[in-house]
Amino acid sequence: MDQHPIPRQITSFEFKLIGFLTIKQFLYLLVFVGVGLAVYALTPIPILNYFLGIVTASIGLAFAFVPINDRPMEVWVKNLVKRLTSPTQYNFQKANQPIKILQDFDMTSNPHLVASHIDSQNKLNSYLAGQTPTTTNAKRQTINDLLTNPVGFLTKKPKSHPEAPGASQISQPAPAVTSPSLKHPFINGVIKNHKLTPLAGILIYVKKDEQGTPLRIFKSNLHGIFSSYNPLPSGEYFFEAKDPKQAYLFDTMKIRIENVNNTPIEMLSKELI
């Protein structure tokens, strides 16, 4: 099999311009040999002048002809000086800012959501603390039966509890429990920002005309909800929401009020950032 020469990097090739020397080699010899002769002539000590002159000229010969790891000595000296002077330990200092979407993250900066979460957790803990283990297990079993076999659970007859010896076998009808009727608000609504996060402490003015005197004033709670149990005459009203802290802006809404208002009113802020 014929041997073919491997292509060489011709960009680093230096032509022989002065005899068998390149310009760089010739300059090294010229400079260091001249400096060696000057050191020899200027040193008054007879033996020391020979030594210093030969050492200075040898440095030029080494730079011109002696390679280290197939590289000229000047490259090796340059890398050595760079390595000795460069730092060996780096300290990380964060200077970049977080991305814009994380700077406007409502889940961590909105105190209303935090307060709502804490309130819900306290209610759940108080409810679980009042449940006995027997009641909790019975409720869990009932839920499992309902999920696994809903038809059988709905058609299943209630279990008869054993009675004490000597007790009458005639079952007495349970007394009817009358629950008080739930009172529904006449008007209810919710205040949210453009990210659909409930806003607390927003004042809602109800006016008959846009420039008139407010007939009612509501204030949203921690969940952004406002409501009223006192009825208003049927007609059209203007609902104007204002933030006391002036952090959110709202448009005035014209809403038709009837005798029965089942649809909650939803007011959203109009900021875009």
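## Briefing on a predicted single-chain model

Y28 and F63 are both buried (under 20% relative accessible area with a 1.4 Å probe, protein chains only; exposed is over 50% and partly exposed lies in between). This is a predicted model, in which local features need pLDDT of at least 70, side-chain atom pairs count only at pLDDT 80 or more, and totals for chains, interfaces and linings use all residues. Residues are numbered from 1 along each chain as its sequence is written, and side-chain values use heavy atoms, leaving out hydrogens and water.

**Overall picture**
- The chain has 8 helices and 9 strands, taken as DSSP runs numbered from the N terminus (helices H or I with at least four residues, strands E with at least two).
- Of the 273 residues in the chain, 21% are buried.

**Aromatic rings**
- There are 5 aromatic pairs in the structure (Phe, Tyr and Trp rings, the six-membered one for Trp, with centres within 6.5 Å; planes under 30 degrees apart are stacked, over 60 edge-to-face, the rest tilted).
- One of them is the tilted pair of Y28 and F63, at 5.4 Å centre to centre with 40 degrees between the planes.
- That pair links distant parts of the chain, as Y28 in helix α1 (residues 23–42) and F63 in helix α2 (residues 46–65) are 35 residues apart.
- Ring pairs bring F32 into a cluster with Y28 and F63.

**Charges over rings**
- K208 places its charged end over the ring of Y237, 4.3 Å from the ring centre (NZ of Lys or CZ of Arg within 6 Å of the ring centre and within 35 degrees of the ring normal).
- K242 does likewise with Y205, at 5.4 Å from the ring centre.

**Salt bridges**
- The whole structure holds 8 salt bridges (a side-chain nitrogen of Lys or Arg within 4 Å of a carboxyl oxygen of Asp or Glu).
- K24 and E74 form one of them, at 3.0 Å from N to O.
- This pair links distant parts of the chain: K24 is in helix α1 and E74 in helix α3 (residues 73–85), 50 residues apart.
- E74 counts as buried because its relative accessibility is 18%, whereas K24, at 36%, is partly exposed.
- K123 and D119 also meet in a salt bridge, at 3.4 Å from N to O.
- K123 and D119 are 4 residues apart in helix α6 (residues 111–129), so about one helical turn separates them.
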